[in-house]
Amino acid sequence: MSKTTEIQIEKSRNLIEGLKRHVREMGERGISNEEINQMERAVAQLAEANAEVDRLREELSPKVKEMKEKMTVVKAAYVESKKTLKGYYPQERWPDYGIQDKR
């Protein structure tokens, strides 16, 4: 759970509990049971959405690591091949091999 979301959920739950304890007083000031219930549902939905995001992050993390490893291999092969081609051919021929470098 992101720290910001966790803090907001906790603050909202504390407010809801306080409002529930004093709903009679607050009802006279514009806060009704229905509004408290709506806020409670919204906080529950936020907690659910956040749990789903956490689950997706856990699934994504190994995939990102795997992709970064593959990117490292591809970059190394690219650099090595480009260096070899640049050493054998004059600059005018580099575009023939897909090298976009100007120097």
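Biologist: What relative accessible area does Glu66 have, and how should I read that value?

Modeller: A residue counts as buried under 20% relative accessible area, as exposed over 50%, and as partly exposed in between, with a 1.4 Å probe and protein chains only. Glu66 has a relative accessible area of 38%, so this residue is partly exposed. Before we go on, note that this is a predicted model, in which local features need pLDDT of at least 70 and side-chain atom pairs count only at pLDDT 80 or more, while totals for chains, interfaces and linings use all residues. Residues are numbered from 1 along each chain as its sequence is written, and side-chain values use heavy atoms, with hydrogens and water left out.

Biologist: Where does Glu66 lie, and what secondary structure does the protein have?

Modeller: Helices (H or I, at least four residues) and strands (E, at least two) are DSSP runs, numbered from the N terminus. The protein has three helices and zero strands, and its elements run α-α-α from the N terminus on. Glu66 lies in helix H3, which covers residues 33-88.

Biologist: How far is Glu66 from Tyr78 in sequence and in space?

Modeller: Glu66 and Tyr78 are 12 residues apart in sequence, and their C-alpha atoms are 18 Å apart in space. For another pair, take Ile31 and Leu19, which are 12 residues apart along the chain and whose C-alpha atoms are separated by 8.3 Å. Ile31 has its place in the loop between helix H2 (23-27) and H3, and it counts as partly exposed because its relative accessibility is 26%.

Biologist: Which residue meets the side chain of Glu66 in a salt bridge?

Modeller: A salt bridge is a side-chain nitrogen of Lys or Arg within 4 Å of a carboxyl oxygen of Asp or Glu. The side chain of Glu66 meets that of Lys70 in this way, at 3.0 Å from N to O. The two residues are four apart in helix H3, so about one helical turn separates them.

Biologist: How many salt bridges does the rule give, and which residues are linked in a network?

Modeller: The count comes to eight salt bridges, and a network of them links Glu52, Arg55 and Glu59. Arg55 and Glu52 both lie in helix H3, three residues apart, about one turn of the helix. Arg55 is partly exposed, with a relative accessible area of 40%, and Glu52 is partly exposed as well, with 44%.

Biologist: Which residues does Thr5 contact, leaving aside its neighbours within four places in sequence?

Modeller: Contact means heavy atoms within 4.5 Å. On that basis Thr5, with those neighbours left aside, is in contact with Leu46 and Asn50. Thr5 lies in helix H1 and is buried, since its relative accessible area is 18%.

Biologist: Is Lys82 buried or exposed?

Modeller: Lys82 lies in helix H3 and, at 19% relative accessibility, counts as buried. Not counting residues up to four places away in sequence, Lys82 touches Ile99 and Asp101. Across the protein, buried residues make up 15% of the 103 residues.

Biologist: What radius of gyration does the protein have, and what would a compact globule have?

Modeller: The radius of gyration is taken over C-alpha atoms, and the globule rule is 2.2 Å times the number of residues to the power 0.38. A compact globule of 103 residues would have a radius near 13 Å, but the protein has 29 Å. Along its principal axes, the C-alpha trace spans about 85 × 25 × 15 Å. Among contacts with a separation of 6 or more, 36% are between residues 24 or more positions apart.
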